[in-house]
Amino acid sequence: MIKKAVIPAAGLGTRFLPATKATPKEMLPVVDKPAIQYVVEEAAAAGLSDVLMITGRNKRPLEDHFDRNYELESALTRKGDAERLLRVQESSELATMHYVRQGDPKGLGHAVLCAEPHVGDEPFAVLLGDDLIDPRDPLLSRMVEVQEQHGGSVIALMEVEPAQVNLYGCAAIEPTSAEADVVAVTGLVEKPPAHEAPSNYAIIGRYVLDPAVFDVLRGTGPGRGGEIQLTDALQRLAADASLGGPVHGVIFKGRRYDTGDRGDYLRAIVSLACEREDLGADFRAWLRRYVAEELTD
């Protein structure tokens, strides 16, 4: 059973400056929880109880958030505020958390390689902190299931407009005899021009990887942007299954938000707030009035 998740979180968050000058981008709130908590909750919901976060400088608030705050808990207990006490304690009880610094910012592939001493010789999941998957769409659980059935590595794919493929890693795929949402991955290209893309199926930030990826990453030189690309290592695994099993893709058609993009970040807040039992009714009513007023201006 896959029990370990790796969350790279060493980025600088420059698209959100100046908000991220002193606050890690992963700690920006989506409604009333930091974005990174949704990612850890997703891992926990898929049965991954051991989480390693790859961090960098100025990321100490991430560790503090998932740690106990006894002073705050004591104050809430004295006030008899059981509801907020539960919400404060929730983040520290999601999983067993571990942290390691990436050091040099050499790319996603290098960040994953930093996890090898902790992961060891077992399959593991990688969840990118900028990708928020709606809790109602259990993508990671499905990927774990596919990996347990087929071995090797599994990547999450989403169909995008052809004009957008240059923003993502892109996969060449073939159908399988398995379920309709499972495909065989025969090739991968990192951010290709639209006319060179093998398909319009983009890699989104969820992976379930065979530990053989570590050996491949060690032999992978800098690629696009001068960084060690995880996509390049997965391309080698897809081209030669003897290195560490096949590579499969799970086609995802659910709700995903790129919280590293300002527009998508705002859309995530609106969408999730509308679904909240405690906020949704009032917020949706206000939103309808606001939109109606904007349309009449």
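Is Val270 buried, exposed or partly exposed? Val270 has a relative accessible area of 30% and therefore counts as partly exposed, where buried means under 20%, exposed over 50% and partly exposed in between (1.4 Å probe, protein chains only). The model is predicted: local features need pLDDT of at least 70 and side-chain atom pairs pLDDT 80 or more, whereas totals for chains, interfaces and linings use all residues. Residues are numbered from 1 along each chain as its sequence is written, and side-chain values use heavy atoms, without hydrogens and water.

Val270 belongs to helix α10 (residues 262-275); helices (H or I, at least four residues) and strands (E, at least two) are DSSP runs numbered from the N terminus. Leaving aside residues up to four places away in sequence, Val270 touches Phe283 and Leu287, contact being heavy atoms within 4.5 Å. Its C-alpha atom is separated by 8.2 Å from that of Val31, 239 residues apart along the chain.

Leu295 is part of helix α11 (residues 280-296). This residue counts as exposed because its relative accessibility is 71%.

Strand β12 (residues 247-251) is mostly covered, with five of its five residues buried. Val247, Gly249 and Ile251 lie on one side, His248 and Val250 on the other, and both faces are covered. Strand β8 (residues 153-159) runs parallel to β12 and is joined to it by five bridges; strands pair if DSSP finds at least two bridges between them. In this pairing, Ser153 stands opposite Val247. Strand β10 (residues 182-190) is antiparallel to β12, with three bridges joining them, and Val182 stands opposite Val250.
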